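Please keep the sequence and the 3D view at hand while reading.

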Amino acid sequence: MLFSSTTFLFFFLPIVLIIYYNPFVQNRIFQNVFLLLASVIFYAWGEPVYVMLMLLSVSVNYLLGIFVENFRDTPYRKMPIVIATIFNIGILFLFKYLGFFCQNLMLISGKSWEVHTIVLPLGISFYTFQAMSYVLDVYWKRGEVQRNPLNVGLYITFFPQLIAGPIVRYETIAWELENRREDVEGFAQGMMRFAWGLAKKVLIANNAAILADACFANVASLSAGAAWIGAVSYMIQIYFDFSGYSDMAIGLGRMFGFHFLENFNYPYMAVSIRDFWRRWHISLSGWFRDYIYIPLGGSRVNKRRMIFNLFLVWALTGIWHGASWNFVLWGMFYFVLILVERLTGFPEKLGKFGHLYALFFVLIGWVLFRAENVEQAVLYLGAMAGGNGLGIWRDNFESLPLGNLIFVAIGVLGSTPLLSKLEMKNRDKIWWNIVYGVMTVAIFVLAVSAVVNTSYNPFIYFNF
């Protein structure tokens, strides 16, 4: 079930809110149990087969959290962590990477055998990382163990962040599972955040996607100018698609009293690649930093070990996004850039040009990310360099849906903190609150109209 669907907007969400805030039964146990059931229904709506896999993950990690607490002062205290790692990574490997592994093994060995296609369960990478976060946070005493399995279930399956994040750490909402406070102000803020997220998704991302898809589907016939337009369009699409979803998730969580951490901070304003990853998909980069990079020693080790730590994190970051060599290449691309920045510190010497440097390489990275395989990525980058021999504006350019460029342009403007700065400057002024409120209502109406009138509604990160 998509947030940007009529089923969610007009059926699921209103019913959940009415029951959750009903005036007859108001206690935390009822609310948590109801949210858990609603979240299971939300997931089962799109994945009726794999809902049992998700519940198995919840159950096993709940038991492992208890084992961590019970074995804490024994010689076997690390055993539950080992089991948790094997179990969770094993599930990811079986459902996400086994086919990719077998294909490459057949290629290397020269032999072939039948490999059954396994459909990738929705959100498996996200809820698996959250489940691991629970066990690890209990082990490191960042959050108390939950004896009530319903609380663990709610933490892992809570529908706002279940399918496409942000990856919520257990330590950030452990207290709120039983002690959160709902209020009118928080609910209103959540509604406004959801409205703007929906608009980012259906008004900007979906329209930019039409132009990007048209370009990537016709790589061989693209002029250089058309190839650049397609790459920039995808750059806008993926930002507004994923940040829009994160805004909706954060807004929905706020409506129920939960405070999720921010997942984006104007990443296209970055002045280096390291700065970009401090701003983009913050929950994922923070997860790898705190659960893998720092435990391995981070940067507090010798240079050779630091390079290995960076390599491992970026190899895992690439493969986390999908079982394909172009994702591995994408991860290695960022490994090289960040390693060079760490060893030389040259972005600091670029001054204002640091922003252009970061944008250029991020754009190249998105081509690697968007391409269906490494071969298409190479062809597309070649087209951007004029390798198709079509000049800058010739041939296929006129056949592209260039009317969608207006949405790309709006997206470019929306990638800057201009509106945020206006809000910060005027948030205490009555006139601004009225204007901002009217803008939010108008944007929401336009977004809902777009949802009703179009069937083109992909979510990029549902694939991960």
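The points below cover a helix pair, a further helix with the loop after it, and several individual residues.

The model is predicted: local features need pLDDT of at least 70, side-chain atom pairs count only at pLDDT 80 or more, and totals for chains, interfaces and linings use all residues. Residues are numbered from 1 along each chain as its sequence is written, and side-chain values use heavy atoms, with hydrogens and water left out.

**Helices H1 and H2**

- Helices (DSSP runs of H or I, at least four residues) are numbered from the N terminus.
- The axes of H1 (residues 6-20) and H2 (residues 28-46) come within 10 Å and cross at roughly 165°; axes are lines fitted to C-alpha atoms, for helices over the stretch in contact, and angles run from 0 to 180 degrees between N-to-C directions.
- H1 and H2 are therefore roughly antiparallel, a term for angles over 145 degrees.
- In the contact (heavy atoms within 4.5 Å), residues of H1 including Phe8, Phe11, Phe12 and Ile15 meet residues of H2 including Phe30, Phe34, Leu35 and Trp45.
- The residues of this contact comprise 13 nonpolar, two polar and one charged; Ala, Val, Leu, Ile, Met, Phe, Trp, Tyr, Cys and Pro count as nonpolar, Asp, Glu, Lys and Arg as charged, and the others, Gly among them, as polar.

- H5 (residues 124-139) has 16 residues and reaches 23 Å from its first C-alpha to its last, close to the 22 Å expected at 1.5 Å a residue; the expected span is 1.5 Å times one less than the number of residues.
- Of the 16 residues in H5, 15 are buried, meaning under 20% relative accessible area, with exposed over 50% and partly exposed in between (1.4 Å probe, protein chains only).
- Lys141, which follows H5, has a positive phi near 60°.
- Gly143 lies in the loop between H5 and H6 (149-157) and is buried, at 13% relative accessible area.
- Leaving aside residues up to four places away in sequence, Gly143 touches Asp137, Val138 and Tyr170.

**Other individual residues**

- Tyr266, in the loop between H11 (224-255) and H12 (273-279), is not a glycine but has a positive phi of about 45°, and it is partly exposed at 22% relative accessibility.
- His281, in the loop between H12 and H13 (282-293), has a positive phi near 40° and is buried, with a relative accessible area of 0%.
- Gly437 belongs to H21 (residues 430-453) and is partly exposed at 24% relative accessibility.
- Gly437 and Ala188 are 249 residues apart in sequence and 11 Å apart in space, C-alpha to C-alpha.

Key
Helix = DSSP H or I, 4+ residues; strand = E, 2+ residues; numbered from the N terminus. Parallel < 35°, antiparallel > 145°, perpendicular 65-115°, else oblique.
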